[in-house]
Amino acid sequence: MTRRVTVTFDNGPTAGVTSGVLDLLARRGIATTFFVIGRKLLDPDAAALAEAAHAAGHWIGNHTFTHSVAFGDDPDAAYAAREIEATQALIGPLAHPDRLFRPYGNSGKIGPHLLSRAAADLLARQRYTCVLWSSVPGDWRDPEGWVDRAVADVAARDWTVMVLHDIATGCLPRLAELIARLDDLGVTWTQEFPDDVVLLRAGRPVSLSATHLAEA
Ligand SMILES: [Zn+2]
């Protein structure tokens, strides 16, 4: 069985880090998605890194403006609109046609904190594609153990959508090792997202359920 892997990089762009990630991906010819934080794009150097990623064939997704409070913990419609729309405006022409969005997850947990009803309604109305994940190996909190965990996660499923981070404490020091080990496993690298991690695709419900929604 050929296992598929979709790699995503969250919480950037980060000067001194994202360019290193892009170099490693280019060397191996792997296309990914960068879920960027809106307020980071206010820095022209970070915005240039998002442009470089886009120019290299990576997809740019929206990962909220402040990356601070999960929508389920602040169900206010104006909060959701600010977090999503301000970031999408900064992403501008770099946006993927499917308007990729990933909610702030609070250390990668999947649960009703991810979305408020207002956030889900806005994402549907404005035809976003809301993308979760199936592996969070923990590059930022466990520099020793995360590569082993990532490889084990990939070995355990047919198609893994992995969250890594292009931040100063993220995956870059061991990203080449991860790529080599997954190549040894014979994985197929893909940029696409399987339905099981897609809550909405261009606004249409796919895997969205009550488990992702805080009760208002
Ligand atoms: Zn994040």
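Helices and strands here are DSSP runs, a helix having at least four residues and a strand at least two, and they are numbered from the N terminus. Keep in mind, too, that you are looking at a predicted model.

**The overall picture**

The UniProt annotation "domain: NodB homology", taken from an unreviewed entry, covers residues 3–190. Over that stretch the chain is 38% helix and 16% strand, and its end C-alpha atoms lie 10 Å apart.

Now find helix H6, residues 172–185. Its 14 residues reach 20 Å from the first C-alpha to the last, close to the 20 Å expected at 1.5 Å a residue. Which residues of H6 are buried? They are Arg174, Leu175, Leu178, Ile179 and Leu182. These residues sit on the same side of H6, because they cover an arc of only 160 degrees around the axis. Just after the helix comes Gly186, which takes a positive phi of about 80 degrees.

What covers the buried residues of H6? The table shows elements included in that cover.

| Element | Residues |
|---|---|
| Strand E1 | 4–12 |
| Helix H1 | 18–28 |
| Helix H5 | 146–155 |
| Strand E6 | 159–165 |
| Strand E7 | 188–189 |

In soluble globular proteins, nonpolar side chains tend to be buried together. The largest nonpolar core in this model has 31 residues, and those touching the most other members are Phe9, Phe34, Leu164, Leu175, Leu178, Leu182 and Trp189. At least two residues of this core come from each of E1, H1, strand E2 (33–36), helix H2 (44–55), H5, E6 and H6. Helix H5 gives the largest share, five residues.

To see one member in detail, pick Leu182. Setting aside neighbours within four places in sequence, Leu182 is in contact with Val5, Val151, Val154, Val187 and Trp189. Apart from this core lies another, of 21 residues, among them Ala80, Leu132, Trp133 and Leu199.

**The zinc site**

Finally, look for the zinc ion. Which protein atoms are its donors? They are OD1 of Asn11, NE2 of His63 and NE2 of His67, lying 2.1 to 2.2 Å from the ion. Along the chain, the donors follow the spacing N-x51-H-x3-H. Are the two histidines, His63 and His67, buried or exposed? Both His63 and His67 are buried.

Key
Residues numbered from 1 in each chain as written. Predicted model: local features only at pLDDT ≥ 70, side-chain atom pairs only at ≥ 80, totals over all residues. Heavy atoms only, no water. Expected span 1.5 Å × (residues − 1). Buried < 20%, exposed > 50% of the residue type's maximum accessible area, 1.4 Å probe, protein only. Arc of directions from axis to C-beta. Contact = heavy atoms within 4.5 Å. Donors = N, O, S within 2.8 Å, 3.2 Å for Na, K, Ca; no water. UniProt positions renumbered as here; feature names shortened; annotations may be inferred. Core = buried A, V, L, I, M, F, W, Y, C linked by side-chain atoms within 4.5 Å.
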